[in-house]
There are 2 protein chains.
Amino acid sequence: MSVYVGVDIGGTKTRLALVSGEGRILAEKTFLPEGVGQVEVYISRLQEEIRSLLQKGRVSMEALEGVGVGCAGQISQDGRTIRFSPNLGWRDVPLADMLEARLGRPVVVENDVRAAALGEAVFGSGRGVGDMICLFVGTGVGSGILIGGHLLRGEGNLAGEVGHTKLDPEGPPCTCGGRGCLEVYVGGAHVRRRIREEILKGVETSLARVDPLHVRAVEEWARRGDPLAGRYWREIVWALGMGAANLVTLLNPRLLILGGGVVEASPVLVQHVRDAVSRWVTMLSRDRVEVVRAQLGPRAGAVGASQLPRPKATRGPSVWEDS
Amino acid sequence: MSVYVGVDIGGTKTRLALVSGEGRILAEKTFLPEGVGQVEVYISRLQEEIRSLLQKGRVSMEALEGVGVGCAGQISQDGRTIRFSPNLGWRDVPLADMLEARLGRPVVVENDVRAAALGEAVFGSGRGVGDMICLFVGTGVGSGILIGGHLLRGEGNLAGEVGHTKLDPEGPPCTCGGRGCLEVYVGGAHVRRRIREEILKGVETSLARVDPLHVRAVEEWARRGDPLAGRYWREIVWALGMGAANLVTLLNPRLLILGGGVVEASPVLVQHVRDAVSRWVTMLSRDRVEVVRAQLGPRAGAVGASQLPRPKATRGPSVWEDS
C-alpha cells in the first residue's frame with residue numbers, strides 16, 4: 001500500500017493527515033510544538049510526529065510516497081522554500097530540502113490556503129468538480145482557485161489573493177499597506193481591531209462587554225439592534241457579497257465553497273453570499289454556480305496538503321482530468 | 001504545408017487571417033457582408049471569402065487543417081454554437097456544423113474577446129508568456145485570461161467577464177441589468193451615453209460640440225480644463241485602474257496586456273494602469289507583472305481565432321506548454 005502525509009503548519013498548532021493512495025483518510029493527528037522559532041527543533045519534532053502517525057496507521061516509512069506541507073505565507077514557486085511566513089517568523093526556510101534529508105521521501109510545500117482548497121476539492125464540498133473557488137474567511141481572507149482540477153498558482157505563486165483586492169481604495173487601512181482591501185471589511189482580525197478602536201473612541205455598544213470579540217457576537221448584537229454591531233455586520237455582508245460576486249463574474253466557476261472561522265461562526269453568511277450572487281452576478285454566470293459551505297473545517301489544510309506530492313494523473317479522474 | 005484560417009465576425013465587418021502551421025501570418029482580408037441577418041446568406045459569403053483567402057495565399061483547400069471563428073456573444077462550451085450574439089442578432093446558430101458541412105474541414109467557435117486574447121498571446125505582446133490577462137476596453141469591456149498558455153473558459157464558457165464585475169453596486173445602471181459595472185465607467189458606449197445624458201440635462205461642456213463623441217475627446221477636454229470632461233476622465237482612470245489592479249492581485253499574472261478602441265485612442269491609459277498597479281496591488285504581485293499595450297489592434301481577433309483549431313501541442317512550446 002502507498003500512502004501520503006499532509007502537514008498543516010499553523011501558528012500554534014500543527015495538523016497531520018495520513019491518506020492512502022486511493023484517497024482514504026487513514027489517520028489524523030495534531031500536536032503543539034514547543035515553539036516554531038527554532039526551525040531545526042521544529043523539524044525534528046515534525047519528523048518524529050510523522051513517524052508516529054505512520055505507526056498509528058500501521059504503515060512503514062517505505063510505503064510513504066511523499067509529504068505535502070501547507071504553511072501560511074509566501075512559498076517559492078518550486079514548492080521547496082518558505083520565503084516568508086509572518087505567523088511563524090520564518091524567512092527563507094528550505095523546508096522541503098530539510099525534511100527530505102531527514103525522511104528520505106519527496107516533500108512539497110504549498111501556501112496553506114491553497115492546500116485547504118485542495119482538501120475541500122478532493123475530500124470535501126468540491127468532490128467531483130474541477131472548476132471551483134474556495135474562499136476562506138477567518139483571521140485573514142484568502143482563496144484557492146481550481147481550474148480543471150489544477151490549483152492556480154500565478155507568476156509569483158500568489159494567485160488567489162482575493163483578500164487584498166480593493167473594494168474602496170480610500171477605505172480603512174490594511175496591514176498590507178493598502179486601503180479598503182476585502183480583508184479589512186470581513187477578516188476577523190481587522191473587524192475586531194476596528195470595533196475595538198471605535199470602543200476606545202467612546203462609541204456606545206454592547207460589543208464592549210464581549211470578550212473575546214468574535215464575528216458571531218457582531219451578528220447576534222446586530223440582530224438585537226446594537227447600532228455599531230449593525231453597521232459592522234451590514235458591512236461584512238456587503239463586502240463578502242461583493243467580493244464573492246465579482247469572483248463568480250470573473251471566473252465563472254461551477255462551485256464557490258465558503259469556509260474559514262468567520263463562516264463557521266456565522267454560517268448565515270453562506271445564504272447572504274447566495275443572495276449577493278443572485279443580485280450582482282450577470283444572469284448566465286449566476287445560473288451555473290452553486291454556493292456551498294466547506295465541509296472539512298480545520299482539517300482541510302492537512303488532508304489537502306497530502307495531495308500535493310501526488311502525480312496529477314492519480315488524483316482521480318473527475319477532479320484531475322485536464323479540461 | 002498545413003494552414004489555418006481565423007475569422008472575426010464583427011457587427012459590420014468580418015476579418016479573415018490565413019496562418020501557416022508554423023505560425024506565420026500568410027494573408028489577411030476584410031469584407032463587409034450585405035448584412036448578417038440571414039445566417040445562410042452570410043455563411044455562403046463567408047465560405048466564398050475563405051476560398052478566395054486560400055487562393056490569395058496560394059494554398060489548396062486540402063491544406064486547410066481547420067477554421068477558428070471569433071464572435072461577440074455567448075458561445076456554447078463545446079465551441080460549436082453561437083447561443084446569443086446581440087450584435088449580430090443571432091440566437092442558437094450552429095455555426096461550426098454549418099460551416100463544416102460546407103468546407104469539409106473542422107471548425108471551432110469562440111468568444112471574440114478570447115480569440116483576440118489568443119491573438120495577442122501567440123502573435124502580439126504576449127509572445128513567449130503563458131500566464132497573462134488581455135484586458136480589452138472598447139465599446140464594451142472584456143478580458144481573456146491565459147493560464148499556462150490555456151484560455152480560461154469557466155463552467156458556462158463565461159470566464160473573463162471583468163466588464164461586469166461591480167465597482168459600486170449602487171452606481172450607474174448597466175445594460176446587463178446590474179449597476180456600477182466596470183464597463184459603465186470605462187466602456188466607450190456607456191461613457192458616451194452618460195455624457196450625452198448630462199448634456200441633455202443642460203450641463204455646460206465643450207464635449208457638446210464634439211461629434212462623434214469619443215474617449216479621446218474626453219481626455220483632451222479634461223486636459224483643457226472642461227469640468228465635465230475632467231470628471232469623466234478621472235472616473236475612467238480610476239475605474240480602469242481599480243479593475244486592472246484587482247485582476248493582478250487576484251490572478252498574479254506575468255503580463256497584463258491592454259487593448260481595444262479606448263486604449264488605442266488614449267494610450268496614456270496604459271501608464272495610468274501602471275500607476276494604479278503600483279498603488280493598489282500588494283508588493284509581491286506588482287513586482288512580477290508587466291503592463292503593456294496590445295500590438296495587433298483590430299487584427300488580434302482573426303489571427304487569434306486561427307489558433308483555436310490547432311492541437312495544443314503544436315501551438316509552440318513557450319506559450320503552450322503545460323505549466
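1. Ground rules. Residues are numbered from 1 along each chain as its sequence is written, and chains are lettered from A and ligands numbered from 1 in the order in which they are written. Because the model is predicted, local features need pLDDT of at least 70 and side-chain atom pairs count only at pLDDT 80 or more, while totals for chains, interfaces and linings use all residues; side-chain values use heavy atoms, with hydrogens and water left out.

2. The contact between chains. The size of an interface is often given as the accessible area lost when the parts come together. Here chain B and chain A bury about 3300 Å² between them. Of that area, 63% is on carbon and sulfur atoms. Buried area is the accessible area (1.4 Å probe) that two parts lose on being put together, summed over both. B:Glu155, B:Lys166 and B:Leu250 supply 21% of what chain B buries against chain A, more than any other three residues.

3. Pairs across that interface. The rule finds 0 salt bridges between chain B and chain A. A salt bridge is a side-chain nitrogen of Lys or Arg within 4 Å of a carboxyl oxygen of Asp or Glu. The rule does find 14 residue pairs in polar contact, both at pLDDT 80 or more. A polar contact is a pair of N or O atoms within 3.5 Å; within protein, one must be able to donate a hydrogen and the other to accept it, and residues adjacent in sequence count only if both atoms are side-chain atoms.

4. Helices (H or I, at least four residues) and strands (E, at least two) are DSSP runs, numbered from the N terminus. Ala, Val, Leu, Ile, Met, Phe, Trp, Tyr, Cys and Pro count as nonpolar, Asp, Glu, Lys and Arg as charged, and the others, Gly among them, as polar.

5. Two domains in chain A. Domain 1 covers 3–119 and domain 2 covers 127–294. These bounds come from an automatic or database domain assignment. The domain centres, taken over C-alpha atoms, are 28 Å apart. Domain 1 of chain A puts 10 residues into the contact and domain 2 of chain A puts in 14 residues. Together they bury about 1000 Å², 55% of it on carbon and sulfur atoms. A:Gln77, A:Arg114 and A:Ala117 supply 56% of the area that domain 1 buries against domain 2, more than any other three residues.

6. Pairs between the domains. The count is 1 salt bridge between domain 1 and domain 2 of chain A. The side chains of A:Glu110 and A:Arg153 meet in a salt bridge at 2.7 Å, N to O. On the domain 1 side, strand S5 (74–75) and helix H3 (112–123) of chain A each supply at least two residues. The largest share, 5 residues, comes from H3(A). This side of domain 1 has 5 nonpolar, 3 polar and 2 charged residues.

7. Backbone points. The peptide bond from A:Asp211 to A:Pro212 is cis, with omega near 0°. A:Pro212 lies in the loop between helix H5 (188–200) and helix H6 (215–223) of chain A. In chain B, the bond from B:Asp211 to B:Pro212 is cis, with omega near 0°. A:Asp92 has a positive phi, near 50°, in a residue other than glycine. A:Asp92 sits in strand S7 (residues 90–93) of chain A. A:Asn157 has a positive phi of about 60° although it is not a glycine.

8. Buried or exposed? Where do A:Asp92 and A:Asn157 fall? A:Asp92 counts as partly exposed, because its relative accessibility is 47%. A:Asn157 counts as buried, because its relative accessibility is 5%. Buried means under 20% relative accessible area, exposed over 50%, partly exposed in between (1.4 Å probe, protein chains only).

Terms used: Contact = heavy atoms within 4.5 Å.
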